[in-house]
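Please read them with the structure open.

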Amino acid sequence: MEKTSKKSFYITTPIYYVNDVPHIGHAYTTIIADALARFQKLAGKDVFFLTGTDEHGQKIEKAAAEKGLTPKALADSVVGRAQDLWKALNISHDFFIRTTMDFHEKGVQKLFQALVEKGDIYKGEYKGWYCVSDENFLADDVPVDSDGAKVCPDCGKKALVVSEETYFFRLSAYQDRLLALYAEHPEFVRPQSRLNEVASFVRGGLKDLSITRTTVKWGVPVPGDPVHTIYVWFDALFNYVTGIGYDWNPALFEKFWPADIHLVGKDILRFHAVYWPAFLMAADFPLPRTVYGHGWWLKDDTKMSKSKGNVLDPQAILKVFGPDPLRYFLLREIPIGQDGNFSHEGFLHRINSDLANDLGNLIQRTLTMIRNYFEGMIEGPEDETAEDLKVRTDFENLKARVFDLYDTCALNKALEEIWAYIGAVNKYLAASEPWIMAKDPARRPRLARVLLQAAAAIRGVSYLLFPVMPGSSEKIWGFLGEEKTPAALPFARLAFDGFRTGRKVEMPQALFPRVALKEFLGEEAAPPPAPPAARREPTKEGKQTMDIITYDEFKRMDLRVAHILKAERVPGATKLLKLEVDIGAEKRQMVAGIAETYAPEDLVGKKLIVIVNLKPAVIRGVESQAMLLAAVTGDNLALIPFFDRDVPAGAVVK
Ligand SMILES: [Zn+2]
């Protein structure tokens, strides 16, 4: 795709049907738009990002009647579902348009009138299959059954052929101009394969389009002829111009029209790639640069839909994970034009391996070592070796490639490249063995250099992730002692040396907690695990409940020798102690239900076994980042183990 060169950038999502409960599909479109909008802002563009709701039509009218509401009251009562979801997903749209807004209705009428005067809209007779029970014409693509009749897809009743007076848009007159548009500006429809579909549809011949109904009342009335209501597409598509000021804020409209990207699901691509440019040509508006038809998220290989009962509610995922893991997964898993299959297993695997392991551990290890070895502030690094230099130059190359990939909407490729770099930095860190250097004061300048490169890489990577994971990116910058948010730094000024010596880093908080599948499928936020002493209590019958786990499951547990550095009581909790333990590469804080058996002073200096890769839990307001093992019989409790010889903190237990 050609790169953007103008100073402004205008991106839209479709307006979503207000009475639909927003699902992963809606979330996906809006997340793509948000990532692209955020990137273009970093790239120095003036960005306008529009989303909203389609609130007119027969279905709303009917749903409202069933509830004893006016259509507008129904729309008002449900529009918050989309608005709340965009808030929960950290969507940064500039305006949320509703087609019931006064300026939109006036704008649509004005455009309708202008096209009537031009002769592109004329009155005629529409003949079509009509469902008497639903008082609605069937869509043209409903197939004819074996008796040569059509059956209403909504209610299953036989439809009748009915004709009524209607206004037509002279679509047939635009066939040649549309074909010329596709030929001269192949970037008008993305991806390329969809351009071919659209062009061949247009080559097949275009019929004039009926754009009003007398059978639908809830909508924008035809100016001067109010028995006719302007029908779906003519009303809905023009939100893209009324939403940025057409007829009410000319300066805004001038600044942002034409749109750079209309992002749409592939099912509505034809309306956007055929009707929409024809309407705009008729109205003498410059044409948008690109209509981008993205793929669908399928569940069990079928499209999510309410009628199939396979709709995934993003709110359930957001409750457990917050927005960034979902944003990351949807953008990372597939290229924008293709379909993806959503599975909870796939989601968790990606989140645990890419976010918790690769990125989370890199941050956790690096910053913990800077805290432990340099009291949070790196000083006196030695000069860069070839390996250190490679971390720097690889970043500069990555930065340039990621810019181009974001700029051409290749979000999944950008994330792939970023993760390849994260993997390389993790390897660099492991190969440098900073925890061994830390034991030798003579190697301190070398240690400082390694941690400095890692911290600079983390800063750069988290900036590059800002369009996709804005919340996490801001948090990571906070840990690094940055005063500004990544949003305040233009992409062109991002440099590896943005992280320098003498800056104090914070103790990192867990960004991406691990969640087990079972816990997740409960669809409730996981309750914090009970303090260890309360776990595995005998049942009433006196038997232990026993779950068999596989060896692979056992291997997933990271058990380590922990050296207790500090111990204190948790205020207000008689059973709980707060411990600070050294597990080799880092220190952890943990909460344990052992205060009735052990006094804090008995524990300091002892070594025990802890699980270090358990999802952190907050117990009595204190974060517990590990869990210890203890033998429990009734009220009696004994910490295990006592080692028969000295072992270092951090030694692996297996
Ligand atoms: Zn029907």
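1. Is Ile 97 buried or exposed? The model is a predicted one, and in it Ile 97 has a relative accessible area of 0%. Burial here means under 20%, so Ile 97 counts as buried.

2. Ile 97 belongs to strand β3 (residues 95-98). Leaving aside residues up to four places away in sequence, its contacts include Ile 15, Leu 50, Phe 103, His 104 and Asn 239.

3. Helix α13 (residues 344-374) and helix α17 (residues 444-464) have axes that come within 10 Å and cross at roughly 140°. That angle makes α13 oblique to α17. The crossing is left-handed.

4. On the α13 side of this contact are Leu 359, Leu 362, Ile 363, Thr 366, Met 369, Ile 370, Tyr 373 and Phe 374. They meet residues of α17, among them Arg 444, Leu 447, Leu 451, Ile 458 and Val 461. By class, the contact of α13 with α17 has 14 nonpolar, one polar and one charged residues. An α-helix has 3.6 residues a turn, so residues three or four places apart point the same way.

5. Helix α12 (residues 323-333) is mostly covered, with nine of its eleven residues buried. The buried set includes the charged residues Asp 324, Arg 327 and Arg 332.

6. Helix α15 (residues 411-432) has 22 residues, which at 1.5 Å a residue should span 32 Å; its end C-alpha atoms are 32 Å apart, in agreement. Glu 433 follows α15 and has a positive phi, near 45°.

Key. Residues are numbered from 1 along each chain as its sequence is written. This is a predicted model: local features need pLDDT of at least 70, side-chain atom pairs count only at pLDDT 80 or more; totals for chains, interfaces and linings use all residues. Side-chain values use heavy atoms; hydrogens and water are left out. Axes are lines fitted to C-alpha atoms, for helices over the stretch in contact, and angles run from 0 to 180 degrees between N-to-C directions. Helices (H or I, at least four residues) and strands (E, at least two) are DSSP runs, numbered from the N terminus. Angles under 35 degrees count as roughly parallel, over 145 as roughly antiparallel, 65 to 115 as roughly perpendicular and the rest as oblique. A crossing is left-handed if the near helix is turned anticlockwise from the far one by less than a right angle, and right-handed if clockwise. Contact means heavy atoms within 4.5 Å. The expected span of a helix is 1.5 Å times one less than its number of residues. Buried means under 20% relative accessible area, exposed over 50%, partly exposed in between (1.4 Å probe, protein chains only).
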